[in-house]
Amino acid sequence: MTTDLEHLAGRLRAFARERDWEQFHTPKNLAMALAGEVGELVAEFQWLTAAESADPGPEALARMRTELGDVTLYLVRLADVLGVDLMAAALDKLADNERRYDATRYRGSARKAPPTPPTP
């Protein structure tokens with residue numbers, strides 16, 4: 001069975017191959033493009049109040065949606081090029097955060113947890 005992310009990765013792979021863009025899709029280039037797109041997303045929120053950011057108007061939301069799409073495409077493409085199962089990586093990170101941020105101790109707090117000790 002193919003997941004939505006696997007399907008998207010396959011479409012992106014074909015898109016790049018059909019245009020002979022695989023040569024440009026190095027991890028470095030994709031990471032830099034991803035950072036640029038995240039910057040464009042952040043720019044949509046710049047100067048908004050917390051309330052405005054939580055309830056953007058239809059035009060702003062359409063721009064945010066486009067930037068979220070760009071971020072997603074570059075993230076999925078980068079993971080594919082690196083051979084990383086993005087869903088597994090996200091679930092592993094969530095499990096780590098669940099261990100590090102005990103709900104009782106961190107409820108309502110924005111403080112950082114101590115770093116995770118390195119694995120040998």
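The largest pocket in this predicted model holds about 230 Å³ of space. Its lining is made up of Thr3, Leu5, Glu6, Ala9, Val76, Ala79, Asp80, Val84, Asp85, Leu86 and Met87, and the elements that contribute two or more residues to it are helix H1 (4-18), helix H4 (58-82) and helix H5 (86-100). Sorted by class, the lining residues of the largest pocket comprise 7 nonpolar, 1 polar and 3 charged.

The second largest pocket has a volume of about 170 Å³, and the residues that line it are Leu12, Phe15, Trp21, His25, Leu30, Asp70, Leu73, Tyr74 and Arg77. Here the elements that supply two or more residues are H1 and H4, with H4 giving the most, namely 4 residues.

| Pocket | Volume | Lining residues by class |
|---|---|---|
| Largest pocket | about 230 Å³ | 7 nonpolar, 1 polar, 3 charged |
| Second largest pocket | about 170 Å³ | 6 nonpolar, 1 polar, 2 charged |

Phe24 itself is located in the loop between H1 and helix H2 (27-45). Phe24 counts as partly exposed because its relative accessible area is 46%, a value that falls between the cut-offs of under 20% for buried and over 50% for exposed.

How values were computed: Residues numbered from 1 in each chain as written. Predicted model: local features only at pLDDT ≥ 70, side-chain atom pairs only at ≥ 80, totals over all residues. Heavy atoms only, no water. 1 Å grid on protein atoms, 1.4 Å probe; cavity = no way out; pocket = protein on both sides within 12 Å on 5 of 7 lines; lining within 4 Å. Points joined across faces, edges and corners; volume = space filled by probe spheres on them. Nonpolar A, V, L, I, M, F, W, Y, C, P; charged D, E, K, R; others polar. Buried < 20%, exposed > 50% of the residue type's maximum accessible area, 1.4 Å probe, protein only.
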